[in-house]
Amino acid sequence: MPDIGQAIYGRLSGDSTLSGLLNGGIYPYTPKELPARPYITYHLISQSERPHAMGSDPALVVDRYQIDLWADTYADMIALDDEVQRLLSRWRGSDSGVNVNAVYYTDRRDLYEDEPELFRRSVDYEIAWYE
């Protein structure tokens with residue numbers, strides 16, 4: 001079965017510009033041992049839409065994913081956000097065997113973590129893809 005999380009990872013990790021900004025990599029969820037910064041985490045927030053039809057379920061589904069950008073400086077956090085937006089916003093195509101119909105940037109929050117001291121931007125994307 002296709003996995004949209006693998007497609008997100010493939011899309012982000014396959015870009016040399018974004019990879020050049022990362023010291024710690026890209027992870028599904030926050031790792032137990034924090035990696036070098038900057039790094040990216042992502043996870044499913046909700047399966048916001050699963051349409052149903054008489055006798056069958058359409059394959060197009062919409063999920064909401066949160067992408068978190070972690071950095072030592074505000075400028076590094078913004079640079080990560082710019083690249084992730086470039087790669088994901090309005091993306092249509094395929095990666096890791098998953099066909100993506102559309103990706104929409106829907107929401108963001110800026111946070112500062114005191115312990116350890118770091119900047120974090122949390123961004124939500126709605127992803128329409130074929131299950």
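**Note on the predicted protein chain**

1. Strand β3 (residues 60-71) is mostly covered, with ten of its twelve residues buried; buried means under 20% relative accessible area, exposed over 50%, and partly exposed in between (1.4 Å probe, protein chains only). β3 pairs with strand β6 (residues 118-130) in the antiparallel sense over twelve bridges, where two strands pair if DSSP finds at least two bridges between them. Within this pairing, Q66 has D124 in β6 as its bridge partner.

2. Residues are numbered from 1 along each chain as its sequence is written, and side-chain values use heavy atoms, with hydrogens and water left out.

3. The protein chain holds three helices and six strands, in the order α-α-β-β-β-α-β-β-β from the N terminus. Helices (H or I, at least four residues) and strands (E, at least two) are DSSP runs, numbered from the N terminus.

4. The C-alpha trace spans about 55 × 30 × 25 Å along its principal axes.

5. Buried residues make up 38% of the 131 residues. Of the contacts with a separation of 6 or more, 59% are between residues 24 or more positions apart; contact means heavy atoms within 4.5 Å.

6. D15 lies in the loop between α1 (4-13) and α2 (16-21). Its relative accessible area is 13%, so D15 is buried. Not counting residues up to four places away in sequence, D15 touches E83, R86 and L87.

7. A102 belongs to strand β5 (residues 98-113). A102 counts as buried because its relative accessibility is 11%. Apart from neighbours within four places in sequence, A102 is in contact with W91, E126, I127 and A128. The C-alpha atoms of A102 and R37 are separated by 29 Å, the two residues being 65 residues apart along the chain.

Key: This is a predicted model: local features need pLDDT of at least 70, side-chain atom pairs count only at pLDDT 80 or more; totals for chains, interfaces and linings use all residues.
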